[in-house]
Amino acid sequence: MKLRRPALSIRVQLTLVLTVFLLVPWLGYEYVREVERLLGEAQQRTLAGTAQAVATALHERSRLFAAPSPGAAGEPAPAAPATEIAEILRGLSRTTARIWVIDRELNVLARAGSLRRPPPPEEPMPPGLAGVWRRIERTLLRPVYRRLLQQPTEDFDEAAADRTLVDAREVTGALSGIPAVERRTTPDRRAVIVTAAHPIWVGDDVRGAVLVEETTNAITVERNRAFERLFGIVLAALLAGSAALALFASRLTARIRHLRDEAERAIDRDGRVVGTLAASAAGDEIGDLSRSFASVLARLAQYASYQQNMASRLSHELRTPIAVVRSSLENLHAQPLPADAQVYLERAQGGIDRLDAILTRMAEATRLEHSLADAERGPLDLARLVTACTEGYRAAYPHCLFEGAVPASAVVIDGNADLVAQMLDKLVANAVEFRAPETVVRIWLERDASAAVLRVDNEGPPLPEGMEARLFDSMVSVRPGKAGAVPHLGLGLYIVRLIAAFHGGSARAANRTDGRGVVFTVTLPLAPAEA
């Protein structure tokens with residue numbers, strides 16, 4: 001079983017295409033993460049360089065480590081060398097970093113700097129549209145950023161950030177002569193600290209180490225700022241692109257719908273060309289399609305006009321030769337002819353009569369199509385008309401039984417009595433021809449809320465499958481292929497449909513529910529005062 005493709009409008013398809021742009025924020029986020037990684041590596045190199053510079057300034061100064069004052073581990077030694085080391089640190093320290101100098105016994109000889117960054121200055125509000133966007137960003141987007149992104153804070157316990165140096169791997173490595181860089185989280189988990197350690201050499205011995213510490217808050221701030229800028233740019237681009245695509249899709253679909261509506265108005269429900277299509281002057285594909293439609297419709301109109309006028313032309317052109325042949329046959333009838341010649345003469349006369357009947361029926365349909373444009377309508381009591389016609393059918397078809405049922409009250413439509421009577425004549429003639437012997441043709445009229453419903457029912461052969469929709473087309477018949485005494489062109493029910501459509505109604509055919517015949521139904525709207 002072949003799966004059907006989902007029907008998606010152009011606007012929906014363009015919206016789906018627009019979702020591809022949602023990859024841009026993800027790619028931008030990955031880019032920001034990569035930049036954050038590179039900044040982290042740069043920070044580690046910078047701290048390692050600072051530790052190396054401080055350690056280099058303390059190299060080969062054995063007197064600074066000669067006689068440290070005894071004290072508890074982790075407490076700064078108050079000796080004079082510590083003061084000299086502090087002076088050296090003051091010249092090399094960074095504003096956002098903390099520097100430690102320790103000896104081999106893990107005594108803190110000096111410490112300078114702080115892990116906390118000073119608060120950033122308040123950014124002035126830019127004028128114009130930039131200021132409006134900044135207010136929107138602060139009011140609407142900043143809360144979203146706070147939920148999605150890790151926000152750095154300087155509100156961490158700097159004293160709690162101190163730790164025991166005994167189990168620090170970077171300290172152990174530096175005192176072993178190997179520079180090291182490590183990352184750790186503060187005990188309150190509010191900050192990440194990067195520590196670089198470098199050994200201090202005196203001769204061939206490691207006499208101490210320099211520790212340089214700094215939080216990653218500066219990198220986190222820059223990462224968040226980059227992501228916010230990227231998100232703002234992508235959001236603005238998406239909004240602008242969405243609006244542009246929505247306008248483009250709306251204009252595109254409006255032009256396509258306009259073309260569809262014009263094409264549907266140009267052809268009525270009977271398939272006849274009743275109008276023209278204005279060719280678009282646009283130079284795009286829809287303009288080309290419009291011009292192609294207009295050209296095709298014009299050619300179809302010419303061909304349809306040729307077909308519609310062909311019957312009247314044939315009728316007009318054949319009348320003269322038929323009259324000549326008929327007069328010649330009449331003259332031959334007046335002459336004494338052998339008996340065998342009389343047989344051929346009667347056959348020729350019968351053929352002329354059949355040909356004349358065909359032309360008469362063709363002319364009838366053609367005249368009706370042209371006369372409908374000038375036909376007048378007025379209040380018409382359909383119940384009285386159906387009653388009178390039913391009495392006439394009993395006289396016209398004495399061999400057939402008729403049953404009629406009409407409402408006791410008037411059923412008024414806005415119609416033409418002659419045309420409605422002609423429509424009913426065609427329905428009854430069709431029912432009489434196809435009825436089974438000794439069966440009844442039923443004619444009944446009903447009235448619902450807004451329409452009059454006329455039905456003609458006969459027992460007989462059912463309609464072939466698929467013929468219900470085509471039965472009212474021109475030149476369509478379900479009669480046997482053999483020729484009868486009266487020629488049939490399949491125009492009777494076509495006339496029924498034309499008259500029903502002229503009155504704003506419809507005609508349809510269906511097999512009876514018991515499968516023993518056919519029922520024809522014509523629905524005509526009631527007059528406005530009756531509806």
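Two strands are taken to pair if DSSP finds at least two bridges between them. On that basis, this predicted model contains an open sheet of five strands, arranged in the order β2-β1-β5-β4-β3 with antiparallel pairing. The edges are held by β2 (108-113) and β3 (180-185); each has a single partner strand, so one side of each is left without a neighbour in the sheet. On average, neighbouring strands of the sheet are turned by 20° against each other, direction ignored.

Strand β3 runs antiparallel to β4 (residues 192-202), and six bridges join the two. Within this pairing, V181 has A196 of β4 as its bridge partner.

The sheet also meets a helix. Helix α2 lies across β1 (98-103), β3, β4 and β5 (205-215), and runs at about 30° to β4. This helix spans residues 23-58 and includes L27. L27 in turn belongs to a nonpolar patch on the surface, formed together with V20, L23 and W26. The accessible area of these four residues together is about 440 Å².

The axes of α11 (residues 417-434) and α12 (residues 492-502) come within 9 Å and cross at roughly 145°, and the crossing is left-handed. On the α11 side, the contact involves L419, V420, Q422, M423, K426, L427 and N430. These residues meet G492, L493, I495, V496, I499, A500 and F502 in α12.

Key: Residues are numbered from 1 along each chain as its sequence is written. This is a predicted model: local features need pLDDT of at least 70, side-chain atom pairs count only at pLDDT 80 or more; totals for chains, interfaces and linings use all residues. Side-chain values use heavy atoms; hydrogens and water are left out. Patches are made of residues with over 30% relative accessible area and no salt bridge: like charges are joined within 9 Å, nonpolar side chains (Val, Leu, Ile, Met, Phe, Trp, Tyr) within 5 Å. Accessible areas come from the Shrake-Rupley method with a 1.4 Å probe; for residues, only the protein chains shown count as cover. A salt bridge is a side-chain nitrogen of Lys or Arg within 4 Å of a carboxyl oxygen of Asp or Glu. Helices (H or I, at least four residues) and strands (E, at least two) are DSSP runs, numbered from the N terminus. Axes are lines fitted to C-alpha atoms, for helices over the stretch in contact, and angles run from 0 to 180 degrees between N-to-C directions. Contact means heavy atoms within 4.5 Å. A crossing is left-handed if the near helix is turned anticlockwise from the far one by less than a right angle, and right-handed if clockwise.
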